[in-house]
Amino acid sequence: MSPPFIKVFPIDRLASGLRASLDPEGTGDLSPEQAAAIAQVEANVAALPRG
Amino acid sequence: MERMPHRHRGGEPPDRSSDLLLEIRRARRALPAEHRELLDELGVQEAVMWKWPDDVIALYRTLGRRTPAAARLVCAAAVWLDDLRTVAFNGPYLTATTLGLDEASRQLALGYVAVHEYGHALSLRRATAEHREDGRRLLGLLPPAMRDHIGRSGYRTTELFDEVVATVYELMVRRVREHGYGPPEFLHPDVLAAFLEVIPWPKIR
């Protein structure tokens with residue numbers, strides 16, 4: 001019996017995914033609110049306990 | 001449509017867990033109607049799990065299936081469980097990761113994860129091996145930030161097509177409210193064509 005097929009969304013890819021979605025061309029064209037939210041997510045992810 | 005029970009485990013306050021499920025449901029309701037119907041037809045379910053990854057593994061055990069490796073699950077925000085047609089969301093991690101965000105930002109972050117996973121649910125059912133052979137080329141045609149995001153995530157070549165589609169899917173869905181169903185001008189025609197082959201996108205087919 002083979003292991004089940006799963007697709008994992010790593011938590012440490014959330015901030016870069018948000019940034020890529022909001023600024024796909026990487027021009028830095030984010031609103032202050034968007035930039036602050038991404039920074040908060042990055043900080044929260046960095047503080048997560050790792051198993 | 002959600003048939004899976006979601007549980008309050010590990011001391012998680014009920015209001016936070018309910019909020020999380022509400023946001024995920026909101027994201028699903030905001031998908032194009034055809035996609036909601038397709039997800040329903042496919043029997044796609046979602047579950048917020050609080051004892052992670054034990055609850056995911058227990059779900060497989062309950063069904064008498066071989067379990068995924070815990071090591072693959074531990075750092076996940078969410079996982080698409082293909083044979084169970086279920087998206088499992090990591091309640092503790094998503095709660096901690098969205099602390100300090102205002103309501104709009106929290107919706108954005110949770111919606112990002114949820115819509116990306118629903119994109120997998122749609123593309124994995126419809127994409128072929130031939131599509132997946134083209135994943136690396138399509139990755140190279142993405143706008144720079146999207147390309148870097150996927151390229152640095154360590155995906156295998158065979159996974160790239162599905163990641164490209166799920167990433168483009170989230171972008172397209174999020175843009176609908178402000179820009180309608182038309183594709184962004186920065187999306188390469190080959191990427192858009194591949195996307196449309198596996199996602200029945202409204203109005204521009």
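Let's start with Pro10 of chain A: in β2(B), the bridge partner of Pro10(A) is Ala76(B). Please keep in mind that this is a predicted model.

Now let's step back to the whole contact between the chains. Chain A puts in 31 residues and chain B puts in 41. On the chain A side, β1 (6-10), α1 (14-22) and α2 (32-46) each supply at least two residues. Which of the elements gives the most to that side? It is α1(A), with 7 residues. If you sort the chain A side by class, you get 17 nonpolar, 7 polar and 7 charged residues.

On to the nonpolar core. In soluble globular proteins, nonpolar side chains tend to be buried together. Here the largest nonpolar core has 68 residues. Val79(B) turns up again, among the residues with the most contacts inside that core, along with Ala77(B), Ala78(B), Ala88(B), Phe89(B), Val164(B) and Val165(B). Both domains of chain B take part, with at least three residues drawn from each of domain 1 (14-122) and domain 2 (128-198).

About those two domains: their C-alpha centres lie 21 Å apart. Where they meet, the contact takes 6 residues from domain 1 of chain B and 7 residues from domain 2 of chain B. The domain 1 side of that contact has 3 nonpolar residues, 3 polar residues and no charged ones.

Last stop, Trp201(B), in the segment after α11 (189-198) of chain B. Is Trp201(B) buried or exposed? Trp201(B) counts as buried, because there are 21 C-beta neighbours inside 10 Å, and the cut-off for buried is 20 or more. Leaving aside neighbours within four places in sequence, Trp201(B) is in contact with Met172(B), Tyr181(B) and Leu196(B). One more distance for anyone turning the model around: Trp201(B) and Ser123(B) are 78 residues apart in sequence, and their C-alpha atoms are 12 Å apart in space.

Thanks, everyone!

Conventions: Residues numbered from 1 in each chain as written. Chains lettered and ligands numbered in written order. Predicted model: local features only at pLDDT ≥ 70, side-chain atom pairs only at ≥ 80, totals over all residues. Domains from an automatic or database assignment. Contact = placed C-beta atoms within 7 Å. Nonpolar A, V, L, I, M, F, W, Y, C, P; charged D, E, K, R; others polar. Helix = DSSP H or I, 4+ residues; strand = E, 2+ residues; numbered from the N terminus. Buried ≥ 20, exposed ≤ 12 C-beta atoms within 10 Å, placed from the backbone. Pairing = 2+ DSSP bridges. Core = buried A, V, L, I, M, F, W, Y, C linked by C-beta atoms within 7 Å.
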